Amino acid sequence: MKQYSALQFSGREELESRQLKMLKEMLSHAYRNCPYYRKVFAEAGFEPADLRDFSDMRRLPLLSKQQIQENRDALVADGFYKESLIKFKTGGSTGTSLEVLCNGEGLEKGVGVALMCFGWAGWKIGEPMGRVWGNPPIPSNWKENIRDRLVEPIIWLDTMSLNDAAADSFARAWERQGPTLLHGHAHSLFMLAEHLARKGIRHIKPKGIVSTSMMLVPSERVFIEEVFGTKVTNLYGCEEVGLIACECEKHEGMHLNILNLFVEFIRDDGSPADQEEEGDIVVTSLVNFGMPIIRYRIEDRGIPASEPCSCGRGFPLMKEMTGRVADFLMKADGTLVAGISLIERTLTKIPGIRQMQIVQESLDGLVVNVVANQCYTGDSEAALLNELKGVFGLEAKVRINIVSTIKQERSGKYRFSICRINQHSQPLGLSRAPI
């Protein structure tokens, strides 16, 4: 974090020179040590020495989620044992179960740049933090309890069970511990703000707010900032490569993380998108030497900015990320369930599910579209039913459809969680994010 903080105000040319050097090192490493890339590079007629500038990357094919799933072992670099690498298994906002491995140094660099960006929101290491998140970790031993209380003091509001009682408990914990940063899913932050405004709770005033994981709708952003009395810092990333872009204190766009990544915006035909033109976001990790991720199509879309930020940092800007939206589902008692958290938990817990989509037609009626792989069995289906009934109640009517594909949105993603009931009449209602 200290190293990255010292680099952030370097000139654009200096930072891109550093980036190009790291990119050449990563391509050479992948070519020498990864069976998958040796084959891909040979088929493309490409050798790492051919890379003279960033435009040469377009000679390489894109890497898809499915290719990662099907070639995981061939993507792991020689010299790294899979058992020693850190696993990131995610359902993600696209609803695709995916496992990516990373070496320890790569993870440290990912955390370092994220901590730097939290600093842009006003937070300092060691200060308490409030997180609005799904499936919060529960300390399992005395060491983890000490860490949570002293080293990483965090209070949690679980989006898997977001209701008035949970929000009130979170507000009381905030008053006791006084966090300086509020961090969470964008729409969950909006819902918490609605609850606080309705109850007249005014003591939650963090130095900064970091929003991530879902689209930050402009009208909701304004409301969050009004309730909490501070600006929202919008952060964009994914489990596979870490932080991709983040706003600074100027809020003029999202600084691309060129310290750890090479980021491209491409049209549907594979050509580069112009500045101010929407394109598919494609990323290459410069720090994950354990399992190189090169030209990975995340299935999100964004718009590169034409102007630099007035803050003076040398990072290029993304004007906005345009392709990530999530809906909330609702329990019979009005408690809301974050779709992103439910999909994440289900895909990582139950084998055999490649993709899934949940459509809620009524408070007790769910249709679940499942794209299954060869590991899907009757036990998988039973586990899925139990998981959903555990969340929505034993009375919930769940219909599971096995499908070959799930229809995607224009952005290349699909709505993994669709709620077709009126949520505004409930105590902790929300505004549906537009597609």
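## Pairing around β13

In β13, Met321 is the bridge partner of Gly302. This is a predicted model, in which local features need pLDDT of at least 70 and side-chain atom pairs count only at pLDDT 80 or more, while totals for chains, interfaces and linings use all residues. Residues are numbered from 1 along each chain as its sequence is written, and side-chain values use heavy atoms, with hydrogens and water left out.

Strand β12 (residues 296-304) pairs with β13 in the antiparallel sense over three bridges, where pairing requires that DSSP finds at least two bridges between two strands. Strands (E, at least two residues) and helices (H or I, at least four) are DSSP runs, numbered from the N terminus. Strand β13 (residues 317-321) also pairs with β9, again in the antiparallel sense, over two bridges, and there Met254 stands opposite Met318 in β13.

## The sheet and its helices

Eleven strands form an open sheet with mixed pairing, in the order β4-β3-β5-β6-β7-β8-β9-β13-β12-β11-β10. Its edge strands, each of which pairs on one side only, are β4 (154-158) and β10 (261-266). From one strand to the next the twist averages 40°. Strands β6 (residues 208-212) and β7 (residues 232-238) run parallel and are joined by three bridges, with Val232 in β7 as the bridge partner of Ile209.

Helix α6 (residues 104-120) packs on the sheet, touching β3 (129-133), β5 (181-185), β6, β7, β8 (242-246) and β9 (254-256), and its direction makes about 30° with that of β8; contact here means heavy atoms within 4.5 Å. Helix α8 (residues 164-177) likewise packs on the sheet, where it touches β3, β4 and β5, and its direction makes about 170° with that of β4. Such angles run from 0 to 180 degrees between N-to-C directions, and axes are lines fitted to C-alpha atoms, for helices over the stretch in contact.

## Helices α9 and α10

The axes of helix α9 (residues 186-199) and helix α10 (residues 218-228) come within 9 Å and cross at roughly 45°. That angle makes α9 oblique to α10, a term for angles that are not under 35 degrees (roughly parallel), over 145 (roughly antiparallel) or 65 to 115 (roughly perpendicular).

Residues of α9 including Leu189, Phe190 and Leu196 meet a set in α10 that includes Phe223, Ile224 and Val227. By class, the contact of α9 with α10 has eleven nonpolar, one polar and two charged residues, where Ala, Val, Leu, Ile, Met, Phe, Trp, Tyr, Cys and Pro count as nonpolar, Asp, Glu, Lys and Arg as charged, and the others, Gly among them, as polar.
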